[in-house]
Amino acid sequence: MKQLFVILIVCIISSAQAFCGFYVGKADSQLFNEASKVIIARDGNRTVLSMANDYRGELSEFALVVPIPYVFDQSQIQVGNISIFDRIDAYSAPRLVEYFDNNPCPIYMEYNVPPGPPGPAGALSIDSVITTFVPMVTVEASFSVGEYDILILSAEEATGLETWLLQNDYNIPEGATEIFNGYIDAGMKFFVARVNVDVVNAGDSVLLRPLVMAFESAELMLPIQLGTVNAAGKQDLIVFLLSPEGRIVTDNYPVVDIPSEVNLPGYIDDTFTDFYVSMFDTLADRAQYESGIVFLEHAWDMSWCDPCAANPLNNRELLQAGVFWNEVEVYSPPSPRVVSPNSSFAPLTFSFGTPSTPPNVYLTRLHLRYDRESHPEDLRFRVTDNRENFQGRYIL
């Protein structure tokens, strides 16, 4: 009879990652997207999206450019707490557990993603085209939130948006033109968050606080294409999806479970992080010829865990993660309520109820490694009623 003895370690993955927008650096500064994690809380048509970003390079003024569905106003954007990403990551990370068993039987991993034929060599590269004619770019909104100076732009053509950025002393990564045009043709706007370096320096920190956006949209999508134009090779992205219903999956890419319930030798105790990173590298390499694989690392009801890599998020932490439907909170929409494509809501204004009430939150953790060839479309998500629990669990 196997008996749970102790939880030993939580995996922290430190591979290079990218964001759903891209960085544009002043002058010749070299900025790279090194890490990105996104938290999405979704109920009905309402979404709260939190973006955590890391970067390397000189600390100089730069901007983050992200496509958005319509013009946001200041009430829909605020800065969040970076620690909430650490908490939700620790809770959902693949975990190593130890069992005692006098007669262990080895279990060998079998991967469900077979190798395929080689794909086309080389990455697509399109030069930016700047002419003396500048199509119209409109500044739809302008305001400051914390250390960010924010502009909402609309453009008629990609060359206009690129010219605007160049005229404001920002470099444009090669290959942005085609992607810009795709978003412009879809009627999307562009969120430009310029970092005030003086504010960041005054806080004695090089870590940017996450940006939190609250909005309404019929479809749930995450733009990842812009993140490929200034990325060195394939990029990693981890998306934490919160819902009162069940799993949230990608609608336009297949979701594959990572190997789980795998017995490991005892010496993995001290090298579990290295083991998991190597295993995921192997999975990603085998999937590189497939059509846009997305890996499921965790899917679980947030009210409990078995075993726990970290305690589930409490109600206050869930609120910081964007959960606005929790039964123990009282949601206060703006008054008067205006229902329109640009309508906003205030999901971050709550009064707390009974702290002991279990939250109605289901967490899905998706991990993908991508470039423009493997994932040529932005991520589109679908909420399901599947509440079956799954975790990446590895056993000594």
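Tutor: The structure holds ten aromatic pairs, where rings of Phe, Tyr and Trp (its six-membered ring) pair if their centres lie within 6.5 Å, with planes under 30 degrees apart counted as stacked, over 60 as edge-to-face and the rest as tilted. This is a predicted model, in which local features need pLDDT of at least 70, side-chain atom pairs count only at pLDDT 80 or more, and totals for chains, interfaces and linings use all residues. Residues are numbered from 1 along each chain as its sequence is written, and side-chain values use heavy atoms, leaving out hydrogens and water.

Ring pairs also link Phe272, Phe275, Tyr276 and Tyr394 into a cluster. Helix α5 covers residues 272-286, helices being DSSP runs of H or I with at least four residues, numbered from the N terminus. In α5, the residues Phe272, Phe275, Tyr276, Met279, Phe280, Leu283 and Ala284 are buried, that is, under 20% relative accessible area with a 1.4 Å probe and protein chains only. Seen down the axis of α5, these buried residues fall within an arc of 165°, taken from the directions from the helix axis to the C-beta atoms, so they line one face of the helix.

The largest nonpolar core has 60 residues, and those with the most contacts inside it include Phe381 and Tyr394; such a core is a set of buried Ala, Val, Leu, Ile, Met, Phe, Trp, Tyr and Cys residues joined through side-chain atoms within 4.5 Å. To this core α5 gives the most, with seven residues.

How values were computed:
Helices (H or I, at least four residues) and strands (E, at least two) are DSSP runs, numbered from the N terminus. The expected span of a helix is 1.5 Å times one less than its number of residues. Buried means under 20% relative accessible area, exposed over 50%, partly exposed in between (1.4 Å probe, protein chains only).
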